[in-house]
Amino acid sequence: MEEKPDWRSESYAKAFEAHDRADFAQEFLRRNPDYRDQYARAIDAAPIARKRLAKHWGLVFRS
């Protein structure tokens with residue numbers, strides 16, 4: 001089992017000093033189970049499903 005890092009440690013905080021809002025937003029979505037489920041369904045579906053996903057979460061996907 002993978003050991004989780006201590007988010008309260010100074011070294012953990014330093015690892016994120018260079019991150020901007022987009023980085024944090026991406027990390028939030030990566031950890032969000034609702035988004036992950038919706039993405040998994042949309043990625044193999046018709047393009048309209050990806051458009052709905054993007055609109056729902058406020059995203060822009062590159063072509």
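Glu17 and Lys14 pair up in a salt bridge, with their closest N and O atoms 3.9 Å apart. The term covers a side-chain nitrogen of Lys or Arg within 4 Å of a carboxyl oxygen of Asp or Glu. Glu17 counts as exposed because its relative accessible area is 58%, while Lys14, with 47%, is partly exposed. (Buried is under 20% relative accessible area, exposed is over 50%, and partly exposed is in between, using a 1.4 Å probe and protein chains only.)

Keep in mind that this is a predicted model, where local features need pLDDT of at least 70, side-chain atom pairs count only at pLDDT 80 or more, and totals for chains, interfaces and linings use all residues. Residues are numbered from 1 along each chain as its sequence is written, and side-chain values use heavy atoms, leaving out hydrogens and water.

## The other charged pairs

Searching the whole structure turns up four salt bridges. One of them joins Arg8 to Asp6, with 3.2 Å between the closest N and O atoms. Arg8 is exposed, at 63% relative accessibility, and Asp6 is partly exposed, at 38%.

Another brings together the side chains of Arg30 and Glu27, at 2.6 Å from N to O. Both sit in helix 2, three residues apart, or about one turn of the helix. (Helices are DSSP runs of H or I with at least four residues, numbered from the N terminus.) Glu27 is partly exposed, with a relative accessible area of 25%. Arg31 joins in too: Glu27, Arg30 and Arg31 are linked in a network of salt bridges.

## The largest pocket

A pocket here is an open set of points on a 1 Å grid over the protein atoms alone, where a 1.4 Å probe fits, with protein on both sides within 12 Å along at least five of seven lines; lining residues have an atom within 4 Å of a point. The volume is about 270 Å³, meaning the space filled by probe spheres set on the points.

Which helix gives the most to this lining? Helix 2 does, with five residues. By class, the lining has eight nonpolar, one polar and two charged residues.

## A nonpolar patch

Tyr39 belongs to helix 3 and is partly exposed, at 32% relative accessibility. Together with Ile43 and Phe61, Tyr39 forms a nonpolar patch on the surface, with about 240 Å² of accessible area in total. Residues in such a patch have over 30% relative accessible area and no salt bridge, and their nonpolar side chains are joined within 5 Å.

Note on methods
Helix = DSSP H or I, 4+ residues; strand = E, 2+ residues; numbered from the N terminus. Nonpolar A, V, L, I, M, F, W, Y, C, P; charged D, E, K, R; others polar. Patch = residues over 30% accessible without salt bridge, like charges linked within 9 Å, V, L, I, M, F, W, Y side chains within 5 Å. Areas by Shrake-Rupley, 256 points an atom, 1.4 Å probe, with all protein chains shown as cover.
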